[in-house]
Structure formats: C-alpha cells, structure tokens
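Dear colleague,

Here is the structure I promised to pass on. My notes follow below it.

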Amino acid sequence: MFPGLSHRPWQVFFKISLQHRASLAQRTPRVPPLSYGWQSGGLHSWWLGHPDCRIAALGLGNVQYYSTSGSSKDEPPEAGSGDAPVAEQVLSGEAQNSPDVPGKAKTQALTKAETIQVKVRAVLKKREYGAKYTQNNFITAVRAMNEFCLKTSDLEQLRKIRRRSPHDDTEAFTVFLRSDVEAKALDVWGSPEALARERNLRKEMEREFQENIFRNQQLLKEYKDFWGNTKPRSGKRTTFLQGPGKVVMVAICINGLNFFFKLLAWVYTGSACMFSEAIHSLADTCNQALLALGISQSVRNPDAGHPYGFSNMRYIASLISGVGIFMMGAGLSWYHGIMGLMHPQPIESLLWAYCILAGSLVSEGATLLVAINEIKKSAQHHGLSFYEYVMQSRDPSTNVVLLEDAAAVLGVIMASSCMGLTSLTGNPFYDSLGSLGVGTLLGTVSAFLIYTNTEALLGRSIQPERVQKLTEFLENDPAVRAIHDVKATDLGLSKVRFKAEVDFDGRVVTRSYLEKQDIDQILNEIQLVKTPEELESFMLKHGECIIDTLGVEVDRLEKELKQRNPEVRHVDLEIL
C-alpha cells in the first residue's frame, strides 16, 4: 500500500516537524500538539506525520526555545535551567541526528521547508577545587622559614612576587607562592617525614626557650643596652611627671602622710571617727599605688599576645581600686562604727585629733585641686564638660583620685563635726555615727568607680555625634555606595576602634583601575579574543587587577580616616 516503507527503519515513522500556527488553524490537527512531554514555545506547534528524510532550507529563520519545564513563554531558558541547550546549532539541508535522550525519539526531522536556529549559552566548565586548595596562596619569607624550615638562601631561588603591604609604613612587600615553597621544602629535606621531624625538633627547642624566658630576657636587655634599643620608647620615665601620673604620685605622698598622722591620733585618742579616717587614708594610699601600677602597665608597647596594647590596664586598676575602697575602707569603717555603738568607750582629749584633721583637710584639698585642674584640661581638650568627662570615665586614674579626695574632704568635715558633738555632749554615740557616715561615703564612691570602669571594660561606644562624623566621611567618598553595621568602640586613653561594612561602587573601582591602564592595549587584547579559553584568560588577568584596586581603595579610606581623626587607631573596613 505504501511502497518503500519496508526499506525504512522504524524510527523514521515518528519524526517531529514544525508548521506555522496560522496554517494549522485552518485544518484539524491529526494528533494532539503534545508529544513525549515536549512543549512548543508558542510560535510553532508540534504534530506527527509521514516524514521525509530530506529538508529544504527556504526563507526565514525563526528563533524558538523549547523546554520540558511546562512554560510556554517565548523567552530564553533561565541561567539555572538544566534543560538549556549546550551548543548553538543551525539546522538546514540534511536532517540532523541527535544523541540518545531517555524517553524521547532517537531521531528527529523537519518536514517543512524552514531553517531552525536554537539559541544556547556558551559557559565555561566549572572547576572543582576541593575542600582544600592552596596552590595559589601567597606566604611571606618569615612564614616560609618558620613553617617549612627553609633558609634565606633557599628562598632566593624561588619566584618573588610583589604585593600590597597590609602595614601602613610600607607600600609593598615580597611574597612567595606556597606551592613553590612546599616543593622547595621537599627538595631540601627529601620527604614530608623528614620535614615533620625537623618541625618537631624546632618546636622542642622553642619550648626550651620558653622555659628559660627570664634568662633570655636578661640577655636581651644587656644586648639592647650595648647596641641601643631600636624600638620606640614607651615613655615610662615621663609618665609620672605629667598628666594623670603626676596627680596619682602627689596623692600617694599626701595620703601616706595623712595615714601615718591619723593612725597616731587614733592610738592617742581611741576615737572611732579617727580610726575610720586612718583606714580611709590607708585605703586611698593602697588604691593609688595600684593606680600607679596600672598607669605604668598601660603605656607598654603592643606585642603578639596583646595586639591592641595595654591601655585597659588603667580601667582594671581603677576597678580593683573601687573594690578595695569598698572592702577595706567602707567595711572597716562600718565595723568600727557598729562596735562603737554596741560597746561605747570613753574618748580622751581630742585636741590632737582636731589638729591632724585640720592638716588632713588642707592636704586632701590640695590634692583635690590638682585633680580638678587636670580633669578640666583633659575635658577641654576632648570638647566635653567637666561633668561629662567624669561620668564617662575618660581618664579612670584621675577620676579615682578626684573622687577619693572629694570623699576624703567630706569625710574629714563629717568626722570633725561628729567629734565636736562628742566633745560638747560627752556622748560617744555621735563619734560612732560619724564612723558609719564615713563608711557610707566610701561605699558610695566605690560603687560609682566599679560601675563606670565596668562599663569602660565592656567596650562602650563613642558619642553618636562622633560616629556620625566618621560615617559621613566614608559616605562622601565616590567609591562608597553605603555604610552598614557601624561599630566605634572606645579602647581607653582616647583610642578608638572603628569597624564598618562598606558597599563599594564597582563601577567607580573599575574606572579607577582603567584610568591607570593603556586603553588601546586593552582594546587590542579584546580584539584578539576568539575562544572561551582566551576570554577566560583575559577576564582572569584584569579581574585580579580590579580586586587589587579594590584593596587599594580600602587602604586609602583607612589611611585618610586615621589622618582626619587621630583618635581612631584601628580601622576595620569589611567589603559588603
């Protein structure tokens, strides 16, 4: 009935053809348009018929997208679609055979004289780097010698690469490829096992060095004394000759003398108020000695274990001082006052006690004036009022001296008043009340010191006005789109750490890179790009340079932020 069909393979009976929808509207389709799950994009319809294995290329070439996702829109497949074509094909002339696809016809043909173009995306094959990939890592010479047990002469034979320096005092420094260093280490030591043994041996030597650290420090000190110390001086010699150090040293001398004379007066008179004042002066002397220790430690240079320095030592010393005042001063004063109320004792002549209290009032008042003048200078320098400077505990050492001397002056007045009432009435009850009043005063001062120094140690933020000033400076830069998650922390001693998430404008950064390049040379390189491999090489080359330019922009912003705001010592700008 159909001559020649017996010569055809069975697959050709199910070839798929395309026809214009307009022509199909005038006739009844022989079969439904859906075949094996495939859908038309909307420009053509599918149908089955008796195909011919020849295709005539006539007329227009229409672009059509097909998918199995169920969408009927005439638009390219999405980026993440797994059914997108993998190569561009132009079908004309002879019928094209496609590879096997499970669930589809083995071959397809076109029965209508028409040219079909299938749009595809050319993508690079994704590289799998694995969980650990260090071939492109850079390491410094110090790290190469420490971790891979190499010498300077070994590194001279390796490739040297100049990179941006993370330090402010140097613009660039030399690094090495980690793969080259690892290969050189194996070449020097022969095997990974030998390298591991050498590492263990050096760790053992380092442990022995740590055990003899005190002897080595003494030798190092003698070496520095002979050759001269090249590190910046910490300034300990001048710390106690000016500023808070001077205030603390004056307070130590005066309070020490006051304690000695008050103790003699208590032994002579047996007054509870005089005992409380003696304990008060002793607590002040001990606490201010602790403050002096904190000041001397706070000016130490940063080291590997403390990269941000030791400035918080002042707050720690002030916190311990507040606890000491509470336990030593307030506690003993309350105890002695309560014992005086429970077991009153007759009081001897208070003449010497009055003389000593008068001298103590003058000396404590002098120290108080020194502390007030120092705080006024510091508050004026920071643009704050006297009250704001004290409440924010900007200088904890001076604040402790101020509050202790203020409490001492009030305590002397309170003790003198209670002792006067005892002299007039002959009742030791007022003397014991004076001891309890001095203890309460000391407890209040200690509670304030504990609170303010705890807040400082927790890392409080700087004033909102200063944060806004720093943020506006960054936002006014053309390379910055937005600033997020701003944190400005007070490190103590007028040092601020600033951290922010920065959304950079990629166009401005790229333009900054292009302004330093030869545009004609880049155009010539673009014209030479013909294959995906050449495109990848071109993009990788300039992409790495643009990333370096972004790093340069970050360094520039950090440097300008420090120059305009000297109190900002540490800046961490993270790329969003």
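C418 counts as buried, because its relative accessibility is 14% and buried means under 20% relative accessible area, with exposed over 50% and partly exposed in between (1.4 Å probe, protein chains only). C545 is partly exposed, with a relative accessible area of 30%. C149 is buried at 3%. It sits in the loop between α2 (141–148) and α3 (152–155). Its phi is positive, about 55 degrees, although C149 is not a glycine. The disulfide count is 0, taking a disulfide as a pair of cysteine sulfur atoms within 2.5 Å.

**What you are looking at**

This is a predicted model, so local features need pLDDT of at least 70 and side-chain atom pairs count only at pLDDT 80 or more, while totals for chains, interfaces and linings use all residues. Residues are numbered from 1 along each chain as its sequence is written, and side-chain values use heavy atoms, with hydrogens and water left out.

**The chain overall**

The protein chain has 18 helices and 11 strands. These are DSSP runs numbered from the N terminus: helices are H or I with at least four residues, strands are E with at least two. Of the 576 residues, 36% count as buried. The chain exposes about 35100 Å², and carbon and sulfur atoms supply 59% of that. Accessible areas come from the Shrake-Rupley method with a 1.4 Å probe; for residues, only the protein chains shown count as cover. Now the contacts, meaning heavy atoms within 4.5 Å. Among those with a separation of 6 or more, 71% are between residues 24 or more positions apart.

**Salt bridges**

How many salt bridges does the structure hold? There are 18. The rule is a side-chain nitrogen of Lys or Arg within 4 Å of a carboxyl oxygen of Asp or Glu.

- R460 and D490: the closest N and O atoms are 4.0 Å apart. The pair links distant parts of the chain, 30 residues apart. R460 is in the loop between α14 and α15 (464–475), and D490 is in strand β9 (residues 480–492). Both R460 and D490 are buried.
- R466 and E567: the closest N and O atoms are 3.5 Å apart. R466 lies in helix α15 and E567 in the loop between α18 (532–564) and β11 (568–575), so this bridge ties together parts that are 101 residues apart in sequence. R466 is partly exposed at 26% relative accessible area. E567 is also partly exposed, at 22%.
- D485 and K487: their side chains meet at 2.5 Å, N to O. K487 counts as partly exposed, at 42% relative accessibility.
- The network: salt bridges that share partners join D477, E553, R556 and E560.

D485 needs a second look. It is found in strand β9. Its phi is positive, about 50 degrees, although D485 is not a glycine. Is D485 buried, exposed or partly exposed? It counts as partly exposed, because its relative accessibility is 40%.

**S446 in helix α14**

S446 is in helix α14 (residues 429–457). Is S446 buried or exposed? At 0% relative accessibility, S446 counts as buried. Which residues does S446 contact, leaving aside its neighbours within four places in sequence? They are G322, I325 and F326. G329 is 117 residues away from S446 along the chain, with 9.3 Å between the two C-alpha atoms.

**A nonpolar patch**

Y335, I338, M339, L341, M342, F429 and L433 make a nonpolar surface patch of about 640 Å². Patches are made of residues with over 30% relative accessible area and no salt bridge; like charges are joined within 9 Å, nonpolar side chains (Val, Leu, Ile, Met, Phe, Trp, Tyr) within 5 Å. Which helices each supply at least two residues of the patch? α10 (313–342) and α14 do. The largest share, 5 residues, comes from α10. L341 is in helix α10. It counts as partly exposed, at 33% relative accessibility.

Best wishes
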